[in-house]
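Colleague: Let's go through the aromatic contacts here. Show me the structure, then I'll ask.

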Amino acid sequence: MKKNRLSKKRVLCAALSAALVTNSLHFAAAYADNVYKDGIYTGTAKGFNGDITVSVTVSEGSVSAVDVTAQNETPAYWKEAEKLIPEIISANGTEGVDSVSGATYSSEGIKKAVENALAKSAAPDCFEGGSGSADDPFIINTASQLIGFAQSVDEGENYLGKCIALDADIDLSDTENWNPIGAEGAAAKNLDKIFAGDFNGRGHIVKGLTIVTAEDSPYADESNVGLFSTLRSTAKVSGVKLEGVNIKVAGEKVVRAGGITGDITSNAVSKAEGRAVVDNCSVSGSVSAETDAAMVMTGGVVGRASGNAIISNCISDTAVYSSAVSKIAYGGGIVSMAGNDTYVLNCADKGDITVLTKSGFSLYAGGVVGMMTSEQYNCISSGNVTVGTIAQADAANCAGIINGALMPAASGKYDYYASGAELRYMNEAGEVSAIDAVSHGAGSMNAEGTFTAEKADNMNSSEFAEVLNENLYDISRKLGDTDTEFMLWKLSDEGEITLSDEVFINDVIDASVFDSGEGTKESPYILRTADQLRGFAGSLTEHIDYTGTYIELADDIDVSDSEWTPIGDSSVVFNGSFDGKGHTVKGMTIGSADTARQLAKGENYIGFFSALGTDAVVKNVKLTDVLINVSYEASAYVGGIAAVMDSDGSGYKGAIVDSCDVEGKLTLTADKGNNFAGGIAAYVYKGAIINCKTDADISCTVKTGAAFGETGGIAALVNRGLVANCYTLGNISANAESNNKAMVGGLTGMSGGTNINCYTRGNVESLITTVDIGGINGRSAGIAADHCCFFNSSADYKAAGKEISEKKASGTLAGGEIKVSSMTAEEMASKEFADTLNANKKNMTAVLGEVSAYLEDMTENNKEGLSHQLFYTNDGSDLNSWVMGESSPGFGEEIIEEKPDIASDEELCEWAEKDYQKKNGVKYTNAVISSDENGRRVITISDKSGKVLDKYTIDPKTGKGSDSDGEAVDLPQTGNNSMTNLFILLGAIMSVIMGAFAIRASGVIRRREDEQ
């Protein structure tokens, strides 16, 4: 398979922060009556030109000072924005403090920075600081803080949705018996006391963790022990390195023990959707658990993962001991039992495993997993596995160097065990002997071929590390939906195989997704079927955005058989070239006509593509029978071709959508927040939409809050982008809770860019009272410009159910209408209108010159890169021609009336001879005529002997051309005797007339002389 290495692209969507109508949610600090802990707190947030950092002083529970320590805002705007600082101090926070009109970005930055600072004052006493967010986690620096954190979970704070991080190594050696984080009892009875948040060790070491039960004091109740007792299915623990672990416990009932956690609950037990994650953790030391009359589960990293979990990038160098007298004993170097929907990925066990039972039931013992029910990839085991004390055959039945037993649904690939690792049997007398080493026990119920393992002769080699790393390409494709980052393997300084700190990047396109091709301009990847198109849609990742890659459709495709998942799935931009070659994609459906699909959190970028990157080009795609009907809890973006056209490039370079059609219906309903729906794209930042058509009914509704619903026939919001040579035919509508919060435009809901040579024909309507409703733009911002655009004055314009008497191009106009016109439907149905659009296209150089001149007159703040000619040709040659359709112009080959030849070939020959004779003073010549490859006539003039005297190259339409020396020839002027004679005749007539006037004048003079 060819490896196309692509540049790393981040996920959506940096440009959104620059939206003309900002989309921010402000969370007031959740403090009782705004009483804060005394101290000085620092907070940072984005302004217009970068970060704003503030220092907030809290004295006696209230804000006493706000000092700005860093900012890079425009001085005039900053002077206005900082006026709200006294208001923040007076209000004891940002709640109720409005942003400064005219300096919105800067004032919002101040408010958010203050909020981030004050959030740190709310950190519980067990933390050094932090607000618990992903960007500002609660910080733990000491053993006492870690102990306090454990106690807070025991007391009922599960930290769901919160983030905690270590900021230093921690030594627990002085803690005689560690109290696991969270209640140790049965998970189902202690859900409110089980950790549910995100704990990141940041690679720090936790040393000397000890949990030991006295010989005469085993646990009386079911117990789960480790650094954590149990993790809920929403929890994540990462980057923790446990050294010198000493866990040695016993219980009268079920005991589960693991270095990181004793247990992981399933979704069913947690009563929450998700997958718990234990990632990039290591454990060294010993973990031992024993029971008498109950089941025991012991793992080096995790005791048990009952379901819905991912254990990845973990290394255990732990002696694991698991023993039960009368029940089943489970033991594994990574985890003793992996339940349904549990993945064990890219892990290594180096420690020895011992699992013993006297029960007639069984035991499960494996170097990686004791009992594997789900999926396991790229795991290695090099330790010895010892089982007993039941009969040898029974003990060995579910024991292996990699896994003890594989259940029917288990699958795995790229799993390895060291050739020197031993499988041993211990009898009742404690005597140990080696038995045949196998990767997994003979009692496994796994179907043949779904789990493969190999013996490795030299694991501690760079060659083996490379094998493991190469496996990750295939594994990452198989497990794309797990969102797992894999760490690369290397040799340690001591020469042992281990995981590095470098993240694996899968930048290799899976060519099997496509029908054929190599992804180059000369040999693009080809898509022919719905399955291939859906496969491509799901192939994008953070590191595969198809930059520099070419894709084409080779056939019409029907995707109506099931709901469409956008290309990029609301998380990744497409940055390559996609050419539909004029083919149709039919039946793109999300939701139904009667029922809106409730989008999951984060799935709020809806369209054929989710987002297009700076270098993306999408062209010649026709979407028909589109049905999008979705609802979302907050801000969402719905577009026919793309939800968002993004840009992170310099100047005004951005994505381009060219010659695309969208026909159907697009409906977005949101609970709150600014929302956007557009026929081609919802949000456009830089870039261009050219030669596009929509015939779609489009609507956007925001149910609550002072937020905007924005709808446009081409785009809902255009920020410094271009819409050129486009038209819309469908009906456009918007709705919001508050008056003047709906923006409805036939072309764009909110324009902060340039519209050129476009027209709209459909109805526009706001279901509430609004001033932002127009045939071209709902609202035109100060940096907007419309040139050579037309709207239908015969269409219906309504607000709150009432007809709008004055129909405008832009409902609210702050930008420039260089040239806009209203036309009746009858006028739009004329050939003259198509001719006007074609004339504008041909005159594009002059049109763009006028636009540039207008943009140059804007204020200095708004002039940044506003020339759209940076990504657009100056002569209009890439614009489609217009032809008259059934009721208005559409795209097609312009019909140009063929101009007839000025004369026949015989006449041209005659004219050429006479022209040559006059110029050269000869009387006798011959002429022969032929045509060249461009249709011009080549007239060869020779004397009577056949000697070539000259050659004329003539345009048959005009009779003009040149001779052999390149001198101009004008046959109608010099060679056409009929024309010459006509001129002589006219001259003679004029002479006669002038003579008659002279004679008459002479007679008059004589008469006057006689009279005198």
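Colleague: Start with Phe138 and Tyr159: are they buried or exposed?

Modeller: Keep in mind that this is a predicted model. The cut-off for buried is under 20% relative accessible area. Both Phe138 and Tyr159 come out as buried.

Colleague: Which kind of aromatic pair do Phe138 and Tyr159 form?

Modeller: Their ring centres are 6.4 Å apart, and pairing requires centres within 6.5 Å. The planes make an angle of 80 degrees. Over 60 degrees counts as edge-to-face. So by that cut-off the Phe138–Tyr159 pair is edge-to-face.

Colleague: How many residues apart are Phe578 and Phe608, the other pair I want to check?

Modeller: Phe578 and Phe608 also make an edge-to-face pair, with 5.9 Å between centres and 75 degrees between planes. Phe578 sits in strand S41 (residues 577-579). Phe608 lies in the loop between strand S45 (605-606) and strand S46 (609-612). The pair links distant parts of the chain, 30 residues apart.

Colleague: Why does Phe578 count as buried?

Modeller: Buried means under 20% relative accessible area. Phe578 counts as buried because its relative accessibility is 0%.

Colleague: Which aromatic cluster holds Phe578 and Phe608?

Modeller: One cluster takes in both rings. Its members are Phe514, Tyr525, Phe536, Tyr546, Trp564, Phe574, Phe578, Phe608 and Phe609.

Colleague: Over which ring does the charged end of Lys944 sit?

Modeller: The cut-off for the charge is within 6 Å of the ring centre. The charged end of Lys944 is 4.0 Å from the centre of its ring. That ring belongs to Tyr924.

Terms used:
Residues numbered from 1 in each chain as written. Predicted model: local features only at pLDDT ≥ 70, side-chain atom pairs only at ≥ 80, totals over all residues. Heavy atoms only, no water. Phe/Tyr/Trp six-rings, centres within 6.5 Å; stacked < 30°, edge-to-face > 60°. Buried < 20%, exposed > 50% of the residue type's maximum accessible area, 1.4 Å probe, protein only. Helix = DSSP H or I, 4+ residues; strand = E, 2+ residues; numbered from the N terminus. Lys NZ or Arg CZ within 6 Å of the ring centre and 35° of its normal.
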